[in-house]
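Student: I would like to go through this model with you. Could we begin with how the strands are arranged?
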Amino acid sequence: EFPRQVVTGDKTTQARVIFEGPAGTGKTLLAIEAARRAAAGGKRVLLVCFNRLLGRWLEDQTRSLGPQVSAGTVHRHMLSITKIVPGEMGAKQAFWKTELPERAMEAIIASPEAFQVDELIVDEAQDLVSDNYLGVFDLLLKGGLEKGCWKMFGDFEKQSIYSGDFDSEAARKHLGGLAASYALRINCRNTPRIGELARMLGGLNPNYKRILRPDNGVEPEIHYYPDGAAHLATLGKVLDDLVS
C-alpha cells in the first residue's frame, strides 16, 4: 500500500518521506525548509539530529520560526521531557542510548498531550534509527510513525557514524515500508574536483548526478600521516595555513 497522502489546500503531499543522499546534497537545508513550511501551515514541529554541534546550528537557524518549531539534538529534547540533569545520572553511554530514551517514553505515555507534535523531521537519520530512538519518535508524533507526518533525511550508505553495530540499513528498509523514498544525488556543496575526490574516496555508487558549483581550478590537497599524533599536527598546520 502506498503511504498515506495529506491534502493541504490545493496540493497533495506525502505524509511520510525518507530522503536519502550522500554528503553535499542539501539534506540539512531541506530539513530546515521542511520545518519552515510545516510551521507556516500551523503545525507544531520537532526537528532533531544526533550531533551536538549540528543540533546547536539547527536551533540557531530555526529560532526565527518561533515556538512552533523545537530544534536540537534528540538527547537534549529527551532531557527536557524527563527533567533529568545529566550530571545526576553520569555520562555513561548506556544512559544516553537506553535509560534516557526509556525514561522519555515513560514521560510521554504519562502525558502525551504535553509532548506530542504534528510533524517530526529527523536530520542525519542514519544515526537515529535504533529501536529506542524510534520508540521515542513513535510516541512523540501524533499518529505515530505508521500514520503520522514525518520526514527523515540521511545517508544510509556512507555516514552512519554513531550507530555502532546497529544495522541502520535494516531500519531504513523497515521505515521504507511506511514511507515514500526520494533520492538526492545532486551535489550542491562542493566544486567538481572536490566532488570527484569524495566520490573516489567514498566509493559512491551511484555517483552524484551532477555538481552545481563551477570549477574554480583548485585541486584538493591530500596529506598522509602515520599515526594519530601526526594526524592532529598535520590538521593543525593546514588550518593555520588556511586562516593566515
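Predicted model: local features only at pLDDT ≥ 70, side-chain atom pairs only at ≥ 80, totals over all residues.

Student: Which residue in strand 5 is the bridge partner of leucine 47?
Tutor: The partner of leucine 47 in strand 5 is alanine 71.

Student: Through which helix does the chain cross from strand 4 to strand 5?
Tutor: The chain passes through helix 2, residues 52-61, and this β-α-β crossover is right-handed.

Student: How many bridges are there between strand 4 and strand 6?
Tutor: Four bridges pair strand 4 with strand 6, residues 119-123, in the parallel sense. Within that pairing, valine 45 has glutamate 119 of strand 6 as its bridge partner.

Student: Is strand 4 mostly covered or uncovered?
Tutor: Strand 4, residues 45-49, is mostly covered, with five of its five residues buried.

Student: Which of its residues point one way, and which the other?
Tutor: Val45, Leu47 and Cys49 point one way from strand 4, whereas Leu46 and Val48 point the other way; all are buried. In a regular strand, side chains alternate between the two faces of the sheet.

Student: A change of topic: where does threonine 191 lie?
Tutor: Threonine 191 is in the loop between strand 9, residues 186-187, and helix 10, residues 192-202.

Student: Why does threonine 191 count as buried?
Tutor: Threonine 191 counts as buried because its relative accessibility is 4%, and the cut-off for buried is under 20%.

Student: And what does threonine 191 touch?
Tutor: Leaving aside residues up to four places away in sequence, threonine 191 touches Ile211, Arg213, Pro214 and Asn216.

Note on methods. Residues numbered from 1 in each chain as written. Heavy atoms only, no water. Buried < 20%, exposed > 50% of the residue type's maximum accessible area, 1.4 Å probe, protein only. Helix = DSSP H or I, 4+ residues; strand = E, 2+ residues; numbered from the N terminus. Pairing = 2+ DSSP bridges. Right-handed = clockwise from strand over helix to strand, strands pointing away. Contact = heavy atoms within 4.5 Å.
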